[in-house]
Amino acid sequence: MVSLFTGKILITNNKDCDEVDTERELSQRLDNKVMLLYFGSGECPRCQEFSPVLKDFFVRLTDEFYVERASQLVLVYVSQDETEEKQEKFLKTMPKRWLFLPFQDEFKRELKLRFAVSDTPVVVVLKPSGEVIAGNAVEEIRCLGTACFRNWQEAAELVDRSFLLAEDFDDLAKRSITDPIHRLKYKLDKKTRKKEREEVLCPDMEL
């Protein structure tokens, strides 16, 4: 699944709009999970009807309030909104764990063509390998609710990682010491690069 978004930037639908763009970050968020690609918009009447259903479906499978352990599920919103402002307005009402592509990213058009999306709403269900499980699961989600996830899980042949081997714990312990430092350094580097881009695009004007 990571290969589908290699070289792309995914954004987390949280307050900080955290970017997921390194190979490691993409792997952590996408590997060994069923992926939903949601093609929709905030102003499409059918999407307005379906989006709350999808939101509830996703939350009931991933929120610890409903489940002991979050399901192996990830959702990427492929916006069909007319403007970035409309996209932002819609996403404010959706779960913070959703991911989305930057509004200006032309990869959205490529995904639309690849999965033959001609109308909205559409939910494409993918295996971790990128193979299609369902070309449009809107009616399945609407009619079966969270029960349909078990069918996708079996079709995707997901590896249950609720139990780790001893060496996995050792490796996790080793990484946990340095990971916070690496993450902080990476975030600082991102901020520096962003500031440099802004200075290039908007240099101070001399009077």
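**Close-up views of a predicted model**

View 1. On α6 itself (residues 147-156), the buried residues are C148, F149, W152 and A156. Looking down the axis of α6, these buried residues fall within an arc of 105°, so they line one face of the helix. Turn to the face of α6 pointing away from that buried side and you'll find the exposed residues R150 and E154.

**View 2. R46 paired with D119.** Here R46 and D119 make a salt bridge, with their closest N and O atoms 2.8 Å apart. R46 sits in helix α2 (residues 45-62), while D119 belongs to the loop between α4 (107-114) and β6 (122-126), so this pair ties together parts that are 73 residues apart in sequence.

View 3. Staying with helix α2, we now zoom in on D56 and R60, which are four residues apart, about one turn of the helix. Their side chains form a salt bridge, and the closest N and O atoms are 3.0 Å apart. D56 is partly exposed, with 37% relative accessibility. R60 is partly exposed too, its relative accessible area being 37%.

**View 4. T62 in helix α2.** T62 is another residue of helix α2. Is T62 buried or exposed? T62 is buried: its relative accessible area is 4%, and the cut-off for buried is under 20%. A polar atom of the T62 side chain lies 2.7 Å from the backbone oxygen of F58. Leaving aside residues up to four places away in sequence, T62 touches V67, A70, S71, L73 and R97.

View 5. E106 and R109 bring their side chains together in a salt bridge, at 3.3 Å from N to O. E106 is exposed, at 54% relative accessibility. R109 is exposed as well, with a relative accessible area of 55%. Salt bridges can also share partners, and that is how E43, E82 and K86 are joined into one network. Across the whole structure, a search turns up 10 salt bridges.

View 6. Averaged over the protein, the pLDDT is 84, and 76% of the residues score at least 70. Which elements have the highest and the lowest mean pLDDT? Strand β6 has the highest, at 98, whereas helix α7 (residues 166-201) has the lowest, at 50.

Key
Residues are numbered from 1 along each chain as its sequence is written. This is a predicted model: local features need pLDDT of at least 70, side-chain atom pairs count only at pLDDT 80 or more; totals for chains, interfaces and linings use all residues. Side-chain values use heavy atoms; hydrogens and water are left out. A salt bridge is a side-chain nitrogen of Lys or Arg within 4 Å of a carboxyl oxygen of Asp or Glu. Helices (H or I, at least four residues) and strands (E, at least two) are DSSP runs, numbered from the N terminus. Buried means under 20% relative accessible area, exposed over 50%, partly exposed in between (1.4 Å probe, protein chains only). pLDDT is the predictor's confidence in each residue, from 0 to 100. A polar contact is a pair of N or O atoms within 3.5 Å; within protein, one must be able to donate a hydrogen and the other to accept it, and residues adjacent in sequence count only if both atoms are side-chain atoms. Contact means heavy atoms within 4.5 Å. The arc is that of the directions from the helix axis to the C-beta atoms.
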